[in-house]
Amino acid sequence: MGDKMENLIKNYKQVQEKLKKIVSLEKVKKEEPIGYTTFGFPIEHYSLGEGKKHIILEAGVHGCEIITVDFLLQLMEEMSNGKDDKKWNTKEYKFHFFPLMNPEGYIISTSAIQALFPKDADFMTLEKICKNYYIKYRQDDLDSKKVMQEINEIEQEEERMQSLALMRRQLKYYQEIFKEIDYTCIPDEYQELKENIKKIYEENKIPKGSLQIWSSNGNGVDLEENCEENKRYYLTKEEYAKLRYENININQVGPIGCPNKNKKEFELEPENKAIYQFIQELQKQEGTIIYISYHSTGGLIYYRSHCEKQKKQEFNRKLALDYQEKTDYTMMEEEKENCNEAIMRNLVDGHIKIELSPMGGNPIGPYGDIKGNYLPTIQKNIEALKYILEKIF
């Protein structure tokens, strides 16, 4: 694992270098990008295998969910090393890897992280910083619940609204840690992206210390929320996110939550257009399509049981149950319809969404306990994927 944090928390260039090394092992193949982001970054596609059962593995939908990118890189490397070929059964399956669906958000978030970490700090020091961030992040949740309960008990509406406004002006503990870091940390080589983030901050009064939790793409749009069913939220009056994000307005472009960048009409972001088109092209081929979307924290498995077809409903539940057997994650029945992933669930034969790390605190919280959280999270999820491939057909 080495003693440098870049071995765990890689910037965009380091991710590209790692992918080149994986491709050089001559098993995983680099395909043509399925599309390009608004600021010109490729949405990269890699594949392994020649089977008719297509397994789509997606990471980095939210820029700050960096552990998902780590996981998929380590999975691709393990599948390339030739030690466990029978388990992966590449004659029956074809794997499609999308290790970084949101390169813009990833660049933004990791730029903030690298600006925070002291240069040449040893590994233990960096782990302590991550652990402290995790503790502060949890404290924000606890404090927010308590404060919201107190505000809701205020009888006078005017006084209640004043208290709410005051709370939203205050920085959270997790924001205090990053409060000196702003868009200027984004490297100049990404100048167009950098200028747009500057514009978003200035026009929308984004609170300090929130660059590292940049979940959205470079347009300030959350790819998961970017579907037409959500466009009404962008047209309503101000609304704020809950718990630790309660001082960030989710109805405006910014770090989290916003479904659309244009108030006049809805538009799919290029990242989502690309993955829809890819799946639709895959549907023209013979075979089964399973889609596994990796997200960062919670130790959860989301599956959809309410499907039009009973067979599909049962299949999704079996996927989730088999995955749970190797992870002990909590299964959650996904009923949300107004999200991008809900649309994709209707396109594929099977779909589950995995929240990887039981230890929360995007982006660096999961790295606050390498031996107790990070390493077991990566390994158990690799084993879970092997297991469901043995069990599902």
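Over the ring of which residue does the charged end of arginine 244 sit? The charged end of arginine 244 sits over the ring of tyrosine 245, 5.2 Å from the ring centre, where sitting over a ring requires CZ of Arg or NZ of Lys within 6 Å of the ring centre and within 35 degrees of the ring normal.

The model is predicted, with local features needing pLDDT of at least 70 and side-chain atom pairs counted only at pLDDT 80 or more, while totals for chains, interfaces and linings use all residues. Residues are numbered from 1 along each chain as its sequence is written, and side-chain values use heavy atoms, with hydrogens and water left out.

**View 1. Strand E3 and the strands paired with it.** Strand E3, residues 53-58, has six of its six residues buried, that is, under 20% relative accessible area with a 1.4 Å probe and protein chains only, whereas exposed means over 50% and partly exposed lies in between. Strands here are DSSP runs of at least two E residues and helices are runs of at least four H or I residues, numbered from the N terminus. E3 pairs in the parallel sense over six bridges with strand E4, residues 93-98, and also in the parallel sense over six bridges with strand E5, residues 288-297, pairing being assigned if DSSP finds at least two bridges. Glutamate 58 stands opposite phenylalanine 98 in E4 and opposite serine 293 in E5.

**View 2. Phenylalanine 98 and phenylalanine 278.** The structure holds 16 aromatic pairs, in which rings of Phe, Tyr and Trp (its six-membered ring) have centres within 6.5 Å, with planes under 30 degrees apart counted as stacked, over 60 as edge-to-face and the rest as tilted. The ring centres of phenylalanine 98 and phenylalanine 278 are 5.1 Å apart and their planes are at 80°, so this pair is edge-to-face. Because phenylalanine 98 belongs to E4 and phenylalanine 278 to helix H9 (residues 270-283), the pair ties together parts that are 180 residues apart in sequence. Phenylalanine 98 is buried at a relative accessible area of 0%, and phenylalanine 278 counts as buried at 12%.

**View 3. Tyrosine 133 and phenylalanine 178.** With ring centres 5.7 Å apart and planes at 85°, tyrosine 133 and phenylalanine 178 form an edge-to-face pair. Tyrosine 133 lies in helix H5 and phenylalanine 178 in the loop between helix H7 (173-177) and helix H8 (191-204), 45 residues apart; both residues are buried. One aromatic cluster is formed by Tyr133, Tyr137, Tyr174, Phe178 and Tyr245.
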